[in-house]
Amino acid sequence: MAGSLKPNPMSVHVVAFGNERDGFSEDNEQSSLIWTYLGRSALISETESNLLLNSANHTGNPVFTEYQACVFGNVRLVVHDCPLWDIFDSDWYTSQNLIGGADIIVIKYSVNDRSSFQEVKDSYVPMIKRALNHCSIPVIISAVGARKSEVPCTCPLCTLDRGSCVTASEGIQLAKELGATYLELHSLSDFYIGKYFGGVLEYFMIQSLNQKSSEKMKRKESHKCHGVKPPQLEQPEKMPILKGEASHYNSDLHNLLICCQCVDVIFYSEDLKEVVEAHKIVLCSVSHVFMLLFNVKSPADIQDSSIIRTAQTLFAVNNEAVFPVSSRGSPCGPPVRVFVKDSFFCFCLSDILHFIYSGAFQWELLEEDIKKKLKDPGEVELVLEKVKCILKTPGKVNSSKNCRSHQTARPLQLCDTSLRLFFNTHVLADVIFQIQGATVPAHRAVLVARCEVMAAMFNGSYIEANSFLVPVYGVSKDTFLSFLEYLYTDSCCPASILQAMSLLICAEMYQVSRLQHICELYIITQLQSMPSRELASTSLSVVSLLRKAKFHNSDCLSTWLLHFIATNYLIFSQKPEFQDLSEERSFVEMHRWPSSMYLKQLADYRNYINSQKCHCIVM
């Protein structure tokens with residue numbers, strides 16, 4: 001269709017957002033503001049207009065319609081009509097391109113659709129405002145339709161229709177926020193469309209064309225003055241993309257239950273048969289009942305009779321000699337033996353522990369597993385009620401509805417709730433690390449579950465397997481504490497780039513790859529956010545970071561740092577540390593930005609400008 005338009009050097013691009021109709025009809029285009037204007041405007045060539053309206057071009061994109069026509073004789077008018085605001089959510093790139101290429105923006109809404117207006121005002125208008133930034137693009141806000149009220153009122157201060165309609169004062173206020181022109185179009189008649197809306201739109205078209213003509217004349221004069229085009233600065237190479245690693249926190253703890261490593265609790269049935277093995281630290285992290293059972297807290301600390309009653313009626317710690325002597329256990333002693341008093345609960349205890357160790361959020365799956373074992377619905381309900389009591393928060397009323405919504409909407413993620421409470425505390429600790437003259441308590445179960453190196457160290461033939469005190473070398477206390485905090489919480493927050501690099505080295509030492517990726521991402525994010533002036537003046541040695549990244553097998557970070565140095569060549573080449581680059585120097589020189597060729601062309605261009613005694617438009 002574009003081929004039918006007369007060739008011309010000038011064009012005006014209008015972008016229209018919003019739906020001005022009360023509801024969707026089968027004949028959407030025929031009743032739209034843009035369609036009506038293009039069909040009735042006297043400025044548009046009749047032949048081209050008819051051709052346009054008979055073949056509305058969707059350009060393969062259903063979220064907007066593109067119209068093309070000729071105005072003012074030989075000026076090409078391109079209109080993109082986007083009735084759905086979803087383009088900002090579903091296709092951010094396209095929406096930004098449309099705004100960036102617009103000469104005029106039109107925002108439309110129906111005065112009888114308050115909910116849509118409120119959504120546009122709260123969500124989408126701020127996006128347009130940010131996209132426009134400091135650009136001086138004219139914006140027209142069109143309030144379309146007659147308010148559905150028995151006594152229509154056009155007074156800007158009237159609140160008669162405020163309950164269901166969008167008032168004029170609200171539209172005017174929105175226009176003020178955007179610096180826009182506000183129009184009220186009570187109908188799509190010739191007066192409102194042709195003279196009112198069309199007059200304002202065509203005024204801005206003329207302004208846009210005048211501005212473009214002025215800029216074109218300046219460019220022509222510039223070329224006449226210089227005669228030689230300035231060199232074009234190419235874009236720097238794209239930085240390597242660092243891919244993160246998904247969390248496997250819950251699966252680590254679940255594997256701990258399956259592998260039965262560092263067991264310090266064994267549950268027994270009424271007939272003294274072993275049912276399942278577990279870990280006090282994990283059980284106490286989700287349940288105050290187990291905290292009471294293992295003396296982590298006292299009844300006075302809990303102050304909840306239902307939790308105390310559950311602990312007393314469901315479990316009992318047994319130290320009698322009727323149990324066989326176990327060879328399992330840590331240097332702190334053999335596992336605690338717990339007697340389960342309820343036979344139904346004992347029968348389902350293995351499934352309940354799998355539920356707890358998996359993060360305590362798959363409540364529906366637990367229900368299904370228990371129903372497979374217990375056919376009686378009454379027995380199933382009793383067991384589920386006991387599980388709810390175990391997971392109960394002191395002082396809160398427990399119910400099936402509350403428990404279900406809690407488990408689905410806000411699961412008991414272990415890393416977000418209670419394991420953090422046991423970090424760097426002596427409560428239930430069964431290993432003490434000695435580092436830089438200080439001691440750091442920890443729990444073998446957590447260490448073994450989260451770190452393969454420590455799993456081999458505490459379960460193998462190493463001396464640490466039977467030692468309560470374990471020395472740590474080659475890392476500072478603060479870095480090691482940050483490392484342990486990640487193992488307990490699955491998150492870390494380095495205070496600086498240097499601390500992140502130290503933590504990355506520690507993670508490489510203990511082979512915790514996800515923590516390495518987190519530290520790499522932190523370093524990259526911090527360096528990217530540095531302004532050029534700060535990057536030039538900082539005492540931080542990026543070349544030193546590169547050396548450490550390569551030495552400690554951080555391939556992603558070292559590759560990124562090489563590109564970072566090359567992209568900021570003019571800054572880093574002035575630093576003394578730049579001379580420390582050896583085999584990496586050739587890569588940096590090859591990928592440097594700006595390139596040496598561009599700098600040579602720029603120097604030649606400057607010499608030419610100076611020889612012509614004419615002001616340089618680039619410098």
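**Helix packing, sheet order and local contacts**

In the predicted model, helix H14 (residues 349-357) packs with helix H15 (residues 363-373) at an angle of about 170°, and their axes lie 10 Å apart. Because angles over 145 degrees count as roughly antiparallel, H14 is roughly antiparallel to H15. H14 contributes Asp351, Ile352 and Phe355 to the contact. From H15 come Trp363, Leu366, Asp369 and Lys373. By residue type, the contact of H14 with H15 divides into 4 nonpolar and 3 charged residues, with no polar ones.

An open sheet is formed by 6 strands. Their order is E2-E3-E1-E4-E5-E6, and the pairing is mixed. Strands E2 (65-71) and E6 (181-185) stand at the edges. Each has a single partner strand, so one side of each is left without a neighbour in the sheet. From one strand to the next, the twist averages 20°. At the E6 edge, strand E5 (residues 139-144) runs parallel to E6 and is joined to E6 by 5 bridges. Within this pairing, Tyr182 of E6 is the bridge partner of Ile141.

Helix H4 (residues 92-100) touches strand E1 (11-17), strand E3 (75-82) and strand E4 (104-110). The direction of H4 makes about 135° with that of E1. Helix H6 (residues 168-178) lies across E4, E5 and E6. H6 runs at about 155° to E6.

The cysteines were examined next. A search of the whole structure finds 0 disulfides. Cys346 is accordingly in no disulfide. The nearest cysteine sulfur to that of Cys346 belongs to Cys348 and is 9.3 Å away. A disulfide requires sulfur atoms within 2.5 Å. Cys346 is buried, with a relative accessible area of 8%. Cys165 also counts as buried, at 1% relative accessibility. Both assignments follow because the cut-off for buried is under 20% relative accessible area.

Val453 has 30% relative accessibility and counts as partly exposed. This class applies because the value falls between the cut-offs of 20% for buried and 50% for exposed. Leaving aside residues up to four places away in sequence, Val453 touches Met509, Tyr510 and Gln511. Val453 and Met509 are 56 residues apart along the chain. Their C-alpha atoms are separated by 8.7 Å.

Definitions and conventions
Residues are numbered from 1 along each chain as its sequence is written. This is a predicted model: local features need pLDDT of at least 70, side-chain atom pairs count only at pLDDT 80 or more; totals for chains, interfaces and linings use all residues. Side-chain values use heavy atoms; hydrogens and water are left out. Buried means under 20% relative accessible area, exposed over 50%, partly exposed in between (1.4 Å probe, protein chains only). Axes are lines fitted to C-alpha atoms, for helices over the stretch in contact, and angles run from 0 to 180 degrees between N-to-C directions. Helices (H or I, at least four residues) and strands (E, at least two) are DSSP runs, numbered from the N terminus. Angles under 35 degrees count as roughly parallel, over 145 as roughly antiparallel, 65 to 115 as roughly perpendicular and the rest as oblique. Contact means heavy atoms within 4.5 Å. Ala, Val, Leu, Ile, Met, Phe, Trp, Tyr, Cys and Pro count as nonpolar, Asp, Glu, Lys and Arg as charged, and the others, Gly among them, as polar. Two strands pair if DSSP finds at least two bridges between them.
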